[in-house]
Amino acid sequence: MIDVVGENNPRAKMTVRDVRFARKASAAGLGTYREIATHLGVSRNSAAKAIRRITWRELRQAAPRSARFWSKVERSNGDGCWIYGKAPRRYGRFWNGHGCIGGHRYVMQITLGRRLRRDEYVCHRCDTPGCVRPDHLFVATQSENLVDARDKGRLSSVVPPKLKGEECPWAKLSERDVKKIRELRCVGHYTQEQVAEMFGVSGPTISRIERREIWRHV
Ligand SMILES: [Zn+2]
């Protein structure tokens, strides 16, 4: 026989929403079993059993996001760093429900109780990228971040924005050229070398354009 649970049970008196509500309301001390039951229009017995997990046991409350995060943090004693994701030299990434952000940014948002702006950087006093210990972190703007990086002799690791295609001052081709190159090669009347000569670039460059290793966005 199939185990019929929760809302799939035709005799179920409560919905998943009801059960979640009842458990939360009870945990928050908002009412007695009877009051919660009356609110939901079910018997006191049904509500009490659902709240005490005698029924609806399969409906587990998802662990809060922050608990999931901290469970992956290795805390050291004393003033030591707390490493997220087991790699001290790397910024650990964390899925916050909307996107992937750095663990250190996530912690700073919890600490501040607000979202960080894009121009707010979270820096490490301890200079350990994987560290998420709140008192090892501070917020800085981009210029402060650069000064901090320079003072710590880490400026070489500050990566300039990535330019692509025509934005590159040294680009030999335009987007139109690239489209034309792909078209010519696709039609197949010209060899790679012939096309390369037409546009004043090397054969391998044409090959990389064809394979979309470069100019991928065109
Ligand atoms: Zn640290």
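The largest nonpolar core of the protein brings together 12 residues: Phe-69, Trp-82, Ile-83, Tyr-84, Phe-94, Tyr-106, Val-107, Met-108, Tyr-121, Val-122, Cys-131 and Val-132. Such a core is a set of buried Ala, Val, Leu, Ile, Met, Phe, Trp, Tyr and Cys residues joined through C-beta atoms within 7 Å. A residue counts as buried if 20 or more other C-beta atoms lie within 10 Å of its own, as exposed if 12 or fewer do, and as partly exposed in between, with C-beta atoms placed from the backbone. At least two residues of this core come from each of strand S2 (82-84), helix H5 (103-112) and strand S5 (120-124). Apart from this core lies another, of 10 residues, including Ala-22, Ala-37, Leu-40 and Ala-50.

The structure is a predicted model, in which local features need pLDDT of at least 70 and side-chain atom pairs count only at pLDDT 80 or more, while totals for chains, interfaces and linings use all residues. Residues are numbered from 1 along each chain as its sequence is written.

Nine helices and six strands are found in the protein; helices (H or I, at least four residues) and strands (E, at least two) are DSSP runs, numbered from the N terminus. Of its 218 residues, 17% count as buried. Two residues are taken to be in contact if their C-beta atoms, placed from the backbone, lie within 7 Å. Among contacts between residues at least 6 apart in sequence, 43% join residues at least 24 apart. Setting aside residues up to four places away in sequence, Val-107 touches Val-132, Pro-134 and Leu-137.

Helix H2 (residues 33-40) has Ile-36, Ala-37 and Leu-40 as its buried residues. These cover an arc of only 100 degrees around the axis, so they sit on the same side of H2; the arc is that of the directions from the helix axis to the C-beta atoms. The buried residues of H2 pack against helix H1 (16-27) and H3. Just after H2 comes Gly-41, with a positive phi of about 70 degrees.

How do H1 and H3 themselves meet, and at what angle? Their axes are 9 Å apart and they pack at an angle of about 75 degrees, which makes H1 roughly perpendicular to H3. Axes here are lines fitted to C-alpha atoms, for helices over the stretch in contact, and angles run from 0 to 180 degrees between N-to-C directions. Angles of 65 to 115 degrees count as roughly perpendicular, under 35 as roughly parallel, over 145 as roughly antiparallel, and the rest as oblique. In H1, Val-19, Ala-22, Arg-23 and Ser-26 meet Ala-47, Ala-50 and Ile-51 of H3.

The loop between helix H3 (44-51) and helix H4 (65-70) holds Arg-53, and Trp-56 also lies in the loop between H3 and H4. Although not a glycine, Arg-53 has a positive phi of about 65 degrees; Trp-56, not a glycine either, has one of about 55 degrees. Are these residues buried or partly exposed? Arg-53 counts as partly exposed because it has 13 C-beta neighbours inside 10 Å, whereas Trp-56, with 24, counts as buried.

Further along, Pro-204 is found in helix H9 (residues 203-210). Pro-204 is exposed, with 11 other C-beta atoms within 10 Å.
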